[in-house]
Amino acid sequence: MGVLGDGRNFGPRRLLLVPLFLSFLLTFSLAEVIFEERFEAMGGKVGGSNQTGRGVKERQDLLNTRLESGPEIQMIKCVTRYHHPEIEWLGLTLKWAYLAMSLGIQTATDARHSAISAKIPEFSNKNRTLVLQYSIKLEQDIECGGGYIKLLSAFVNQKKFGGDTPYSVMFGPDICGTQTKKLHVIVSYQGQNYPIKKDLQCETDKLTHFYTFILRPDATYSILIDNRERESGSMYTDWDILPPRKIKDTKAKKPADWEEREYIEDPNDVKPEGYDSIPAEIPDPKAKEPDNWDEEEDGIWKPPKIPNPAYKGPWRRKKIKNPNYKGKWKTPWIDNPEFVDDPDLYVLKPIKYVGIEVWQVKAGAVFDNILICDDPEYAKQVVEEVFIHREAEKEAFEEAEKVRKAREEEEAQRAREEGERRRRERGHDRHHRDRERYRDRYRRHRRDYMDDYHDEL
């Protein structure tokens, strides 16, 4: 089941099928945009992108027919390319959107798996840079769930796309409680998935955030969040895919003459004559005998002692630089005999699909601005274009938070008043019941008394 707004700031509309990705972009220059989807609804068309001024040739399969039933007809036409399991998604204007035309695709049902995918022009990242980027906004208190995106190779039955479907790249945040705030970067190599070894943290607030993964032909990578590099390195060292190039020589031993002392005592330093005769304390020259001091009773007065400023402590030779210093000895590295280089370590199987497959305790994550290209500068430009309105989004979010808190306080106040009313009613009923019980006991007691009275008569 799927839902998508048509971009005219209507409320969400429920439909049977949802198109996820509508734009295909190719280039006539060195840079190429393989796939881009910003979920824009402009001029009666669902889908589109706004690339300008880059010499990038744009090829979009936009729907230019608008029948009386509007976007519903357009979405039905997209069914041949966009598939999803029987999972409910929302395509709608955002809760605190900063543009009236700002749309995204949103998980809609709590405590369920959500999966959706799109077939894209097949491409290989061999001898080229791969850039995978998208934005996500966690409008809900997700509690526990994922927000990642996947690139898939080989044939994929999109109607059955789910967690067991093999993928080539999985990238994005995974949050659970206050402890888990992980940013996944998992790549597939020869049919096996390898997670990055570094502990990467994702964003957890309710604003829009861009996640960018860049993989280069030299097997180096960069991970950016909101156009700021959070991590970088090499596939050779940051994934346990290949054995390491170098290993420590376990047979090596520190040479006997290896000098690790950076400073040594000066052998030419000589103790000054009379140094040891300098006392540590001396009588205080400023002290005076008290006027009421009685030598017969108090003994001979002696001034108190104070530290001797001339005393320097036990004599030690001064330190000088060790001319034979070689630094701290470290086990040397040697070539790993088990390492066999793979120049195509960075090369993924040809990518044919892009998809989102997540499970969330609370639904509401909004995915948008999905981009696959080979130009990091263009990806950077996309983020800058969206974040022109970053402050407006923050202000809209803060205003929405004020409204939410005011509504929650109002509901809490009503609940308190209702609870107080019920307590009063329970108290009135209890008083009434107690009074009736007292009257009943009085009647029974009087009846027993009168019976005894008549018996005596």
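Is arginine 414 buried, partly exposed or exposed? Arginine 414 counts as partly exposed, at 44% relative accessibility. The model that gives this value is predicted.

The side chain of arginine 414 meets that of glutamate 410 in a salt bridge, 2.9 Å from N to O. Glutamate 410 is partly exposed too, with a relative accessible area of 47%. Both residues sit in helix 5, which covers residues 390–456. They are four residues apart, so about one helical turn separates them.

Now step back to the whole chain. It has 457 residues, and 40% of them are buried. Five helices and 28 strands are found along it. The accessible surface comes to about 27300 Å². Carbon and sulfur atoms account for 50% of that surface.

Next comes the interior. In soluble globular proteins, nonpolar side chains tend to be buried together. Here the largest nonpolar core holds 61 residues. Phe171 and Ile372 touch the most other members of that core. What does isoleucine 372 contact, beyond its neighbours within four places in sequence? The list includes Val33, Ile34 and Phe35. It also includes Ile120, Phe123, Leu130, Val131, Leu132, Leu151 and Val354. A second, separate core has 13 residues, among them Val33, Val131, Ile214 and Leu224.

Strand 10 shows burial along a whole element. The strand spans residues 103–107, and five of its five residues are buried. Leu103, Ile105 and Thr107 cover one side, while Gly104 and Gln106 lie on the other. Both faces are covered. Strand 10 runs antiparallel to strand 28, residues 365–373, and two bridges join them. Isoleucine 105 has phenylalanine 367 as its bridge partner in strand 28.

Cysteines come next. A disulfide is a covalent bond between the sulfur atoms of two cysteines. The count for this structure is one. Cysteine 144 and cysteine 176 form it, with their sulfur atoms 2.2 Å apart. The link is left-handed, with -100° about the S-S bond. It connects distant parts of the chain, since cysteine 144 is in strand 13 and cysteine 176 in strand 15, 32 residues apart. Cysteine 176 is partly exposed, at 32% relative accessible area.

Charged pairs complete the tour. Side chains of opposite charge can pair when their charged atoms come close. The structure holds 24 salt bridges. In one of them, arginine 38 and glutamate 385 bring their closest N and O atoms to 3.1 Å. Arginine 38 lies in the loop between strand 4 and strand 5, and glutamate 385 in helix 4, so the pair ties together parts 347 residues apart in sequence. Which end of this pair is buried? Arginine 38 is, with a relative accessible area of 4%. Glutamate 385 is partly exposed, at 23%.

Glutamate 260 and lysine 254 give another example, at 3.7 Å from N to O. Glutamate 260 is partly exposed at 31%. Lysine 254 is partly exposed at 43%.

Key:
Residues are numbered from 1 along each chain as its sequence is written. This is a predicted model: local features need pLDDT of at least 70, side-chain atom pairs count only at pLDDT 80 or more; totals for chains, interfaces and linings use all residues. Side-chain values use heavy atoms; hydrogens and water are left out. A nonpolar core is a set of buried Ala, Val, Leu, Ile, Met, Phe, Trp, Tyr and Cys residues joined through side-chain atoms within 4.5 Å. Buried means under 20% relative accessible area, exposed over 50%, partly exposed in between (1.4 Å probe, protein chains only). Contact means heavy atoms within 4.5 Å. Accessible areas come from the Shrake-Rupley method with a 1.4 Å probe; for residues, only the protein chains shown count as cover. A disulfide is a pair of cysteine sulfur atoms within 2.5 Å. Two strands pair if DSSP finds at least two bridges between them. A salt bridge is a side-chain nitrogen of Lys or Arg within 4 Å of a carboxyl oxygen of Asp or Glu.
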